[in-house]
Amino acid sequence: MVSRVIPVDDFDLVIFGATGDLARRKILPGLYRRFVAGQMPETAQIIGAARSELDDDGFRAETARAIEEFAGNGGPDSARLEAFLDRLSYVPIDAKGTAGWDDLKARLREGVVRAFYFSVAPSLFGDLAEHLAAYEIAGPDSRVVVEKPFGRDLETARALNATLARHFAESQIYRIDHYLGKETVQNLMAVRFANILFEPLWNAQYVDHVQITVAETVGIGGRGGYYDQSGAMRDMVQNHMMQLLCLIAMEPPYHFDPDAVRDEKLKVMRALEPVGADDIVRGQYQAEGETQSYLEDAGNPESRTESFVAMKVHIANWRWPGTPFYLRTGKRLRARTSEIVVTFRAPPHSIFDDGEAPTPNQLVIRLQPNEGMVMTVMIKEPGPGGMRLVQVPLDMSFADALGPEGTDMPDAYERLIMDVIRGNQTLFMRGDEVEAAWAWTDQIITTWEEGRSAPEPYDAGSSGPEEALRLMHRDNRRWREIRA
Ligand code: NAP
């Protein structure tokens, strides 16, 4: 099977923060890969901007190093790399200053897509937006891409939305949640809405529960200061995990169209019930061998910030009464994995008399590593000896089904940047979605801040605190083992 690459229209993309970590690791290598794939027009322009005093060649040299380090696939092809670097230039600009804006304006072309990637701290969004408007660089057709964190609570998210709204219409704003750019996340929608098999069963009558796990092996490392102000709830649950929850739980949109999809996600967020203290477990990792404890990594011996959170969530609507959604995320866990597990109910009556009830079917949607889906089904164990049942996986991994091209998938950032150029907002968060997500998470955070309870300790390399296991055991359920 040959993958189809549909080229995007010609564009000028300005990356503010082009010398930063995100630009070096994700944005520039991703653009290079799309260029090599033939998706980017040969005439497209990428203009880096930051305070560092680089010239065009200096920026190209920095970018070449970043691509060698991060673009994968055994290193870049030198001819393609040269051709890509020719598309690049650089303007020194301080978001708060007046220098460089005229130069930037002069480099931009008329009649092509114009996009601005704000890969800088959110505190600079207002300055950038104001300068782009004042120098008449951004117009009503321009697009602006912003990164997480989008606020740290409802109030700050509203303020950021208001800042952007002063200069850009909602249809121009692309709020990135890179989880939405993952192949499997989109496949989840394909599986749900392009097949008749699943949707009739996709409700409380047939789904026993859903688990969403985002486990990391890394600690908070160099981000200690930032992370300690944030914690797992703000860093992971409010954005990535809630987006996954919404895609699993939402009603079928009337069309695969940005606002239709986002309207349905918003309805799920608004239907989330408040979570009681008994249904949440917070944790903090302990020192283990060479690795430091959370408190040491954070440099704050008094910290009560959680590096782990597990919770049981209910959605108050007609589709999901009584079906819990268990969310779990943490740092320094046993393995790095992100997956969603939909566990169906057991058949209502077993006709087989080997005494054991059939194991419920599970649909496991793996986001990383090895993106793919597995459905478990019961079959007869082959061979003589009567009717013995055995659970087997129906593997829907892309590698097996689609051949090598099926696995050479664009990284989430690549896909999302190309969507910006195409003007497709389906996989980006709308302002009201972000606010609804904060409204729900704020109320949980406020409750535990008022309670002043300390997070439960857990061993680095474990599955999290014992209490998180009990959260499911008390419901006669168990977490799927965290494994790579
Ligand atoms: P970073 O490494 O600190 O880079 C910040 C960039 O902003 C640098 O290029 C810096 O360059 C530039 N900058 C700082 N002050 C500026 C100013 N006054 N005017 C113009 N440019 C300025 O940060 P990052 O990790 O790349 O993150 C960028 C954004 O993405 C942040 O909002 C972050 O939260 C978000 N994000 C990052 C990641 C990631 O993996 N890194 C993941 C998700 C979200 P100069 O010093 O040369 O000006």
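Which pocket is the space taken by the ligand? The space that the ligand takes is the largest pocket. The structure is a predicted model, in which local features need pLDDT of at least 70 and side-chain atom pairs count only at pLDDT 80 or more, while totals for chains, interfaces and linings use all residues. Residues are numbered from 1 along each chain as its sequence is written, and side-chain values use heavy atoms, with hydrogens and water left out.

**The ligand and its shell**

The ligand is surrounded by 21 residues, a residue being near a molecule if one of its heavy atoms lies within 4 Å of it. Thr19, Asp21, Arg25, Arg51 and Ser52 are the closest. By class, the shell holds 10 nonpolar, 5 polar and 6 charged residues; Ala, Val, Leu, Ile, Met, Phe, Trp, Tyr, Cys and Pro count as nonpolar, Asp, Glu, Lys and Arg as charged, and the others, Gly among them, as polar. Helix α1 (residues 21–36) provides the largest share of this shell, 3 residues. Helices (H or I, at least four residues) and strands (E, at least two) are DSSP runs numbered from the N terminus.

| Residue (backbone atom) | Distance to a ligand oxygen atom |
|---|---|
| Gly17 | 3.2 Å |
| Gly20 | 2.9 Å |
| Arg51 | 2.8 Å |

The ligand taken alone exposes 880 Å², and the protein buries 73% of that area, as computed by the Shrake-Rupley method with a 1.4 Å probe.

**The largest pocket**

A pocket is defined on a 1 Å grid over the protein atoms alone, as an open set of points where a 1.4 Å probe fits, with protein on both sides within 12 Å along at least five of seven lines; lining residues have an atom within 4 Å of a point. A molecule sits in a pocket if more than half of its atoms lie within 2 Å of its grid points. The largest pocket holds about 1,300 Å³ of space, the volume being that filled by probe spheres set on the points, which are joined across faces, edges and corners.

Its lining comprises 42 residues, with Leu22, Arg25, Lys26, His178 and Tyr413 nearest the centre. These lining residues divide into 17 nonpolar, 9 polar and 16 charged. At least two lining residues come from each of α1, β7 (207–215), α9 (231–249), β12 (362–368) and α13 (412–422), and α1 gives the most, with 4 residues.

**Backbone features**

A cis peptide bond with omega of about 0° joins Lys148 and Pro149; Pro149 lies in the loop between β5 (143–146) and α6 (154–165). The peptide bond from Gln368 to Pro369 is also cis, with omega near -10°.

Definitions and conventions
A polar contact is a pair of N or O atoms within 3.5 Å; within protein, one must be able to donate a hydrogen and the other to accept it, and residues adjacent in sequence count only if both atoms are side-chain atoms.
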